[in-house]
Amino acid sequence: MARRSLSTAAVFAVGTALLLTACGGGGDDGSKDEIEGAGGGSDRPSASASADPAGPDVSVPKDLNLVFDFSAPSDPKQAKAVDNAANYIRALKHGIVRQDANDPAYRYYSGAQAAQYAKTQINAWIDGGWVPTGTDRYFKSEATELSDGKAVLVTFCRNQAKSFSKDIKGGKVHYGKESLDSYQKFSVLMSPPKGEDKIWKAQKIEVQGRVKECRG
């Protein structure tokens, strides 16, 4: 894991693609490559629930499999940042499952722009009448120390080729074929505990679509 000291502004520069529309997965359509939630159906939690016993419930139904093939950094701070970047994604999906744009789970793991991003995503799924189903895989994680340890940038890839949108009414699943649209790269700026915060939290998130390096 990288341990460079970079400025936050240098990382989150103007021009990086921030995708804000949620439509479903599968990579069958250029508009369907956003952060997804959890599949409808059974309320039985899947194995993708948070490993943090002190945190909120971030479980998802069993028809959605969230896979995090992340590498654990040797640096304790970076390890906590990576763990909670994954929990932020889990919490966002939990909010979509519950169809709750004010779900406490994502607000526990995020603040600032990252919290607003999560709320926007959840509202888009609510408005569309969708839930996701299938397997959503996140991998190739890296952690970079920023601003002399005041933040950690966590990046990782996503393959949503086997994650599909499903209509809440009727349960129709919208399948798609794997393509470059299936691959994304996430950049999540994590801040350390401060004040009343007890954990590392996501403060900013940027998502790039059609990332060839994640496909290879």
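**View 1. A disulfide joins Cys157 to Cys214, with 2.0 Å from S to S.** A disulfide here is a pair of cysteine sulfur atoms within 2.5 Å, and a search of the whole structure finds one. The link of Cys157 and Cys214 is left-handed, with -75° about the S-S bond. Cys157 lies in strand β3 and Cys214 in helix α5 (residues 212-215), so the pair ties together parts that are 57 residues apart in sequence. Helices (H or I, at least four residues) and strands (E, at least two) are DSSP runs, numbered from the N terminus.

This is a predicted model: local features need pLDDT of at least 70, side-chain atom pairs count only at pLDDT 80 or more, and totals for chains, interfaces and linings use all residues. Residues are numbered from 1 along each chain as its sequence is written, and side-chain values use heavy atoms, leaving out hydrogens and water.

**View 2. The largest nonpolar core has 39 residues.** Such a core is a set of buried Ala, Val, Leu, Ile, Met, Phe, Trp, Tyr and Cys residues joined through side-chain atoms within 4.5 Å; buried means under 20% relative accessible area (1.4 Å probe, protein chains only). Tyr88, Val154, Phe156, Met190 and Ile205 have the most contacts inside this core. Helix α2 gives the most to it, with 10 residues.

**View 3. Meet the surroundings of Tyr88.** Leaving aside neighbours within four places in sequence, Tyr88 is in contact (heavy atoms within 4.5 Å) with residues including Tyr109, Tyr117 and Ile205.

**View 4. A second, separate core has five residues.** Among them are Phe139, Val211 and the cysteines Cys157 and Cys214.

Terms used
Buried < 20%, exposed > 50% of the residue type's maximum accessible area, 1.4 Å probe, protein only.
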